[in-house]
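User: Hi! I am new to protein models and would like to learn how to read a few features. Could you walk me through this one?

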Amino acid sequence: MSKNQHFRSNSKAAQLHTKIFFRKYPTLPYIVKWFLISSIIGICVGSASAGFLVSLDWATNFRENHLWLIAFLPIAGLLIGLLYNYLGKDIEAGNNLLIDSIHNPKEIIPFRMAPFVYLGTIATHFFGGSAGREGTALQMAGAIADQFTKPFRLTEPERKILLISAISAGFGSIFGTPLAGALFGLEVFLIGRIKYDAIFPAFASAILADLVTNLWQVKHTHYHIDLVPQLEALPIIYSILAGILFGLCAATFSKVIHYVTSFFKSRISFPPLRPFVGGIIVAVAVFAMGTTKYIGLGIPTIVQSFEQQLPPYDFALKMAFTIITLAAGFKGGEVTPLFFIGATLGSALSLFIPLPTGLLAGMGFVAVFAGATNTPLACMLMGIELFGAESGIYMAIACVVSYLISGHNSIYGKQVIGEAKHSRFQNQSGRNINENK
């Protein structure tokens, strides 16, 4: 046998062994492929989140040391509005565009979504708007990841998995909660159902993105619950009561922010003028009240809510500032303000609900978020990741009750109802939140 014949024989044998191996382990190519893709997503998104968090800290600290900047919030709003009106109309939907692209994949999400939302969010915080960071993280992640659809020659179903993985990576890395981030990506686009064929890429992307963010030595805020009561009948009843109030708060936030958004659109026809007017309202309110407590992320107040009983108006004022800021057209997310609203509401509830203040703050932190985004499993896991497993049952009770009480309301209008929360609403299944209004 010649050398060439021997080589061909060995090559055929190797191919045969490979085929037999893959028949025995058919999921291995899937795992290898999505691990490589998830690694790329993790590196890119984790690095983007790290840069964004550092920028956000700088913007917040600079503003707090130069409060006169808040007077220029209307001008910042006008510039953000002009940027999106003339160069970003196709990406203005933000998180709803990501959710819609998972349900109905069309054109690749323009990459400019990432720098636009980054600049818009930094400007919002720099000049004193009340907004969060998750919206920016998700949009940056989705815009970055979707650019790999064509180079990797992904099919339509695979592109859906890619976007879910990007959302998971963005959420997990921005909050330092990779497990909750993975579940959030799997839950957020379809209420009541989870896309299990995306479970490996979602978890891999979220964990790797969080690892990369940590490698950049970016620190996340830590919260501590001092006392968790023993699991008994009364604490469970109190938790259910708190969950009901958190759910009502979440539903109120979702309804009011959509109403105020529609109000701005109906009264001000030129889009860039909406954040200009909203900026005037917020800036005047800040100077009139003489405090910056209710603008920006509000992390110091969130931390304080775990340590002492806060007044019952804190959550309402933060809700008002956030709704005006975001409904007018400023950029940022709703989730960190929802953490503030939930934590301060929980802290205030300890006035008449006999549970530890820190525990109620933690329950509100995740439960209002669960009700407003319809992601109870992700929020339960977030509670465990942030506050420890010993409080897990109380977090779960609050999140589930809030999720049910909030009804078919959401801060994301493009969420599709996969499984109705109650048989009475079965006719709403298969439609998105906006269609059921």
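Analyst: Happy to! Buried means under 20% relative accessible area, exposed means over 50%, and partly exposed is in between (1.4 Å probe, protein chains only). Before we go on, note that this is a predicted model, where local features need pLDDT of at least 70 and side-chain atom pairs count only at pLDDT 80 or more, while totals for chains, interfaces and linings use all residues. Residues are numbered from 1 along each chain as its sequence is written, and side-chain values use heavy atoms, with hydrogens and water left out.

User: Which residue does Lys33 meet in a salt bridge?

Analyst: A salt bridge is a side-chain nitrogen of Lys or Arg within 4 Å of a carboxyl oxygen of Asp or Glu. Here the partner of Lys33 is Glu158, at 2.6 Å from N to O. Lys33 sits in helix α2 and Glu158 in helix α7 (residues 156–175), so this bridge ties together parts that are 125 residues apart in sequence. Helices (H or I, at least four residues) and strands (E, at least two) are DSSP runs, numbered from the N terminus.

User: Is Glu158 buried or exposed?

Analyst: Glu158 is buried, as its relative accessible area is 18%.

User: How many salt bridges are found in the whole structure?

Analyst: The search finds seven. One of them joins Asp146 and Arg159, whose closest N and O atoms are 2.6 Å apart. That pair links distant parts of the chain, with Asp146 in helix α6 (residues 134–146) and Arg159 in helix α7, 13 residues apart. Asp146 and Arg159 are both buried. Another bridge is between Arg63 and Glu64, with 2.9 Å between the closest N and O atoms. Arg63 is buried, given its relative accessible area of 2%, whereas Glu64 is partly exposed at 33% relative accessibility.

User: Which residues form a nonpolar patch on the surface?

Analyst: Patches are made of residues with over 30% relative accessible area and no salt bridge; like charges are joined within 9 Å, and nonpolar side chains (Val, Leu, Ile, Met, Phe, Trp, Tyr) within 5 Å. In this model, Leu28, Tyr30, Ile31, Val32, Phe35 and Leu36 make up such a patch, with about 490 Å² of accessible area together. Accessible areas come from the Shrake-Rupley method with a 1.4 Å probe, and for residues only the protein chains shown count as cover. Phe35 belongs to helix α2 (residues 28–65) and is partly exposed, at 42% relative accessibility.

User: How do I read two packed helices?

Analyst: Two packed helices are described by the angle between their axes and the distance between the axes. Axes are lines fitted to C-alpha atoms, for helices over the stretch in contact, and angles run from 0 to 180 degrees between N-to-C directions. Helix α13 (residues 314–328) and helix α14 (residues 335–349) pack at about 165°, their axes 8 Å apart. That makes α13 roughly antiparallel to α14. Angles under 35 degrees count as roughly parallel, over 145 as roughly antiparallel, 65 to 115 as roughly perpendicular and the rest as oblique.

User: Where is Gln217?

Analyst: Gln217 lies in the loop between α9 (199–215) and α10 (233–267). Gln217 is not a glycine, yet its phi is positive, about 60°. With 64% relative accessibility, Gln217 is exposed.
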